[in-house]
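Me: I would like a close look at one part of this protein, taken slowly and with the surroundings included. Please begin with how charged side chains pair, and then move on to a helix and its neighbourhood.

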Amino acid sequence: MMNPFDDTYFMKRALQEAEQAFDKNEVPIGAVIVMNNQIIARAHNLIETLNDVTAHAEMQAFTAAADFLGGKYLKECTLYVTLEPCQMCAGASYWTQIGKIVYGASEEKRGFINLNTTLHPKTAVVGGVLKDECSKLLKKFFIEKRNLN
């Protein structure tokens with residue numbers, strides 16, 4: 001039987017979060033954390049809103065998931081995020097011991113892969129899920145930003 005709750009399904013939920021960030025004039029990155037096919041945390045960038053450089057979608061999602069579970073370890077969870085996590089967010093994922101990271105668009109300059117950031121040894125990684133949709137929203141945001149300035 002086919003599972004309707006696959007990586008594409010949950011990445012679409014992360015994209016909905018990214019669209020909320022876009023509407024708030026935040027860099028449109030969204031994240032959801034899933035456990036047993038249930039979304040336990042939703043978040044998007046809040047850097048401008050909170051005036052906090054650490055308020056990345058992933059960081060907000062880690063905090064919400066830990067609150068939901070009542071504990072700091074996310075071993076049985078999957079993070080879905082529309083852009084490859086940066087070094088800070090990858091480092092935080094190490095400490096949460098998250099089971100899996102699924103990202104959409106790659107981040108050539110600041111992504112954890114090119115910066116050789118160490119993830120937890122048990123964390124699985126899948127990249128490129130809905131990468132075109134994720135990239136399109138980011139490009140639209142930055143084109144609009146440039147045209148306003």
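Reply: In this predicted model, the structure holds 1 salt bridge. It is formed by K100 and D7, whose closest N and O atoms are 3.5 Å apart. Side chains of opposite charge can pair when their charged atoms come close. K100 belongs to strand β4 (residues 100–105) and D7 to helix α1 (residues 7–23), so this pair ties together parts that lie 93 residues apart in sequence.

Leaving aside neighbours within four places in sequence, the residues in contact with G104 are M11, V81, T82, L83, G127, G128, V129, K131 and C134. For one of these, V129, the C-alpha to C-alpha distance from G104 is 4.6 Å, although the two are 25 residues apart in sequence.

The helix to examine is α3, which has 13 residues and spans 18 Å from its first C-alpha to its last, close to the 18 Å expected at 1.5 Å a residue. Its buried residues are A57, E58, A61, F62 and A65, and because they cover an arc of only 130 degrees around the axis, they sit on the same side of α3. An α-helix has 3.6 residues a turn, so residues three or four places apart point the same way. The elements that cover the buried residues of α3 include β1 (30–35), β2 (38–44), β3 (78–83) and α4 (87–96).

Once its neighbours within four places in sequence are left aside, H56 is in contact with N45, I47, C86, M88 and C89. At the other end, just after α3, G70 takes a positive phi of about 75 degrees.

Note on methods
Residues numbered from 1 in each chain as written. Predicted model: local features only at pLDDT ≥ 70, side-chain atom pairs only at ≥ 80, totals over all residues. Heavy atoms only, no water. Contact = heavy atoms within 4.5 Å. Salt bridge = Lys/Arg side-chain N within 4 Å of Asp/Glu carboxyl O. Helix = DSSP H or I, 4+ residues; strand = E, 2+ residues; numbered from the N terminus. Expected span 1.5 Å × (residues − 1). Buried < 20%, exposed > 50% of the residue type's maximum accessible area, 1.4 Å probe, protein only. Arc of directions from axis to C-beta.
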